[in-house]
Amino acid sequence: MNNTFLQNRFILSELVKKGIRLKYRRSYLGIVWSLLEPLLTMIVLTIVFGTLMGIEDPTFPVYILAGRLFYGFFSQGTTAALKSIRANSSIIKKVYVPKMLYPISAVLFNYVIFLISLIVLAGVSLVLRVYPTFYLLQAVLPLAVLFLLSLGVGLIMSTIGVFFRDMEYLWNVLLMLIMYTSAIFYMPEKILSSGWGFILKVNPLYCTIACFRDSIFGRPLEYKLLAYSFIFSVICILIGWFVFKKNEDKFILNI
């Protein structure tokens, strides 16, 4: 996969640019929507869940937005990767391009949009007086692990999606389960202190979100959570690469 990336980086960059253009081609706001959408979602979730759970912490919107942005990228990146081979079937049938570039570019262009959307998080944090500390430098680690996790899962999904079309619908259901076990709009303390804490801790996305929040709120990282998520991500990448390479010659018969 490393050789595929290095030898075809120009093609990969063009696929990333194409993905960004296509994502916003029918939107009047264009890429500005990547800033506006998470902000509006944060406001709605803060009002609804903040009121229902009686949370009066003025920094709760920052908590929600951090989780929402991470989950949003994971959801969009893996879903785009799942559909990437079928979405580019006309090109695959006419021009030879290493097929693995398609799911990689699908994750990459969503990651670029995700990084841009972090501007909203920075702005909201400053407005609500969640000021950066030395611990913010740690944020690079969960951000990197998030990309690896999405890439690994995306590679696996891209192969499955070629042979099982219903995987698109099943993945939407699984994403909902992942969302509810990622503590995006609720505080996880009660669950973690109960006998059901493992439900969150086995979710690698929750682990990356928790570490990112630690960085934002000026706390040291929980390195066990981050290490688990990193190992999970690497295993997914290895499995995804192996399964993809083993089956890529069969793609042309199923798209």
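Q: Let's start near the end of the chain. Is lysine 245 buried or exposed, or partly exposed?
A: Lysine 245 counts as partly exposed, at 37% relative accessibility. Buried means under 20% relative accessible area, exposed means over 50%, and partly exposed is in between (1.4 Å probe, protein chains only).

Q: Before we go on, what kind of model is this, and how are residues numbered?
A: This is a predicted model, where local features need pLDDT of at least 70 and side-chain atom pairs count only at pLDDT 80 or more, while totals for chains, interfaces and linings use all residues. Residues are numbered from 1 along each chain as its sequence is written, and side-chain values use heavy atoms, with hydrogens and water left out.

Q: OK, back to lysine 245. Which residue does it form a salt bridge with?
A: Lysine 245 pairs with glutamate 248, and their closest N and O atoms are 3.0 Å apart. A salt bridge here is a side-chain nitrogen of Lys or Arg within 4 Å of a carboxyl oxygen of Asp or Glu. Glutamate 248 counts as buried, at 13% relative accessibility.

Q: How many salt bridges are there in the whole structure?
A: A search of the whole structure gives 4. Among them is the one between glutamate 37 and arginine 68, with the closest N and O atoms 2.6 Å apart. That pair links distant parts of the chain, as glutamate 37 sits in helix 3 and arginine 68 in helix 4, 31 residues apart. Helices (H or I, at least four residues) and strands (E, at least two) are DSSP runs, numbered from the N terminus.

Q: And how far apart are lysine 17 and glutamate 14 in helix 2?
A: They are 3 residues apart, which means about one helical turn separates them. Lysine 17 and glutamate 14 form a salt bridge too, with 3.6 Å between the closest N and O atoms. Lysine 17 is partly exposed at 43%, and glutamate 14 is partly exposed at 30%.

Q: New topic: which residues touch the most other members of the largest nonpolar core?
A: Those are Phe74, Ile85, Phe114, Leu121, Trp171, Leu205 and Phe212, out of 77 residues in that core. Helix 4 gives the largest share, 15 residues. A nonpolar core is a set of buried Ala, Val, Leu, Ile, Met, Phe, Trp, Tyr and Cys residues joined through side-chain atoms within 4.5 Å.

Q: What is phenylalanine 74 in contact with, leaving aside neighbours within four places in sequence?
A: Phenylalanine 74 is in contact (heavy atoms within 4.5 Å) with Leu146, Leu149, Ser150, Val153, Trp171, Leu175, Ile178 and Leu205.

Q: Which residues make the nonpolar surface patch?
A: Trp33, Leu36, Leu40, Ile43, Val44, Ile47, Val48, Leu52 and Met53 make a patch of about 790 Å². Patches are made of residues with over 30% relative accessible area and no salt bridge: like charges are joined within 9 Å, nonpolar side chains (Val, Leu, Ile, Met, Phe, Trp, Tyr) within 5 Å. The areas come from the Shrake-Rupley method with a 1.4 Å probe, and for residues only the protein chains shown count as cover. Tryptophan 33 is found in helix 3 and is partly exposed at 36%.

Q: Last one: how many disulfides?
A: The structure holds 0, a disulfide being a pair of cysteine sulfur atoms within 2.5 Å.
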